[in-house]
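Hi,

Here is the structure I promised to pass on.

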Amino acid sequence: MTDPTHASGFCLQPLAAQVGGHVKIKILNSQFICKPYNQREHKFYQLIPAELRRCVPRYVGTLGVKRKESEKYIVLENLTEGLKRACVLDLKMGTRMYSDSASQSKIESQKRKSLKTTSATLGVRFCGFQKYCNKRNIFERLDKYVGRDADNLEFRNLVKHFFSRREVLRRDVIQCVLDEIIYIKNVLSNLDQMRLYSSSLLIIYEGLEEEKGGSVESESLYSLD
């Protein structure tokens, strides 16, 4: 996709699997999603080190949409493609939530928010999830405001619930997540030229269970955003 691409005659729909974030993500098609353009984020995807590329959604380019007012988006791969019932967890990472260029009022606001949540005590905060319940054939959804009020124990229980099926922990998924987190930690430890603030760790896995007790074969996906 060229940069920028201009398109008309179609309607971008909201991404149903979005569970966190302060901007509304749209879906272009089954393969790609569109995130409202941000110059700093766009630069990040263009200059991302090779070692970190497997940890983030694949960057495709930008998309310009002509309507009453022109809109511009960053186009990324859709990490839920191929999953029939995507379970998605959004975790805000770190104790610092502001960049070096943030205003003083923004810095103070983010410091206060961090001190009131598990960002200060654990270095991570629950920002929402969707979890498929096979028994009731519905998605359970919780938003970021749940995470803002959660203490350390409540955070633990939220994460435990996300990784459980019929009250049994999905240890296979948890092990994959732990392996990927170790890889991400090692990569970031060696990137002296880059600092990431207020980043999210997205954890995605197939939630659909087969009738005989198995699960639909699909690779779990993990991404730093």
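Where does Cys11 lie? It is in the loop between β1 (5–7) and β2 (13–14). One thing to keep in mind throughout is that this is a predicted model. Cys11 is exposed, with a relative accessible area of 53%.

Next, another loop residue. Thr80 sits in the loop between β6 (71–77) and β7 (86–93), but this one counts as buried, because its relative accessibility is 17% and the cut-off for buried is under 20%. The Thr80 side chain makes a polar contact with the side chain of Asn78, at 2.8 Å. Setting aside neighbours within four places in sequence, Thr80 is in contact with Ala17, Ala86, Val88 and Ile204.

Now the inside. The largest nonpolar core has 32 residues, and the ones touching the most other members are Leu89, Leu91, Phe162, Phe163 and Ile203. Two or more residues each come from β6, β7, β8 (124–133), α5 (152–162), α6 (171–189) and β12 (200–206). Apart from that core lies another one, made of eight residues, including Phe32, Val65, Tyr73 and Val75.

Then the aromatics. The count comes to eight aromatic pairs. Take Tyr45 and Tyr59: their ring centres are 6.1 Å apart and their planes are at 10°, so this pair is stacked. It also links distant parts of the chain, with Tyr45 in helix α1 (residues 39–47) and Tyr59 in strand β5 (residues 59–65), 14 residues apart. Tyr45 counts as buried at 5% relative accessibility, whereas Tyr59 is partly exposed at 23%.

Ring pairs also join Phe126, Phe129, Phe162, Phe163 and Tyr205 into a cluster.

Last, two arginines placed over tyrosine rings. Arg54 lies over the face of Tyr183, 3.8 Å from the ring centre. For Arg96, the charged end sits over the ring of Tyr197, at 4.1 Å from its centre.

Cheers

Terms used
Residues numbered from 1 in each chain as written. Predicted model: local features only at pLDDT ≥ 70, side-chain atom pairs only at ≥ 80, totals over all residues. Heavy atoms only, no water. Helix = DSSP H or I, 4+ residues; strand = E, 2+ residues; numbered from the N terminus. Buried < 20%, exposed > 50% of the residue type's maximum accessible area, 1.4 Å probe, protein only. Polar contact = N/O pair within 3.5 Å; in protein donor to acceptor, adjacent residues only side chain to side chain. Contact = heavy atoms within 4.5 Å. Core = buried A, V, L, I, M, F, W, Y, C linked by side-chain atoms within 4.5 Å. Phe/Tyr/Trp six-rings, centres within 6.5 Å; stacked < 30°, edge-to-face > 60°. Lys NZ or Arg CZ within 6 Å of the ring centre and 35° of its normal.
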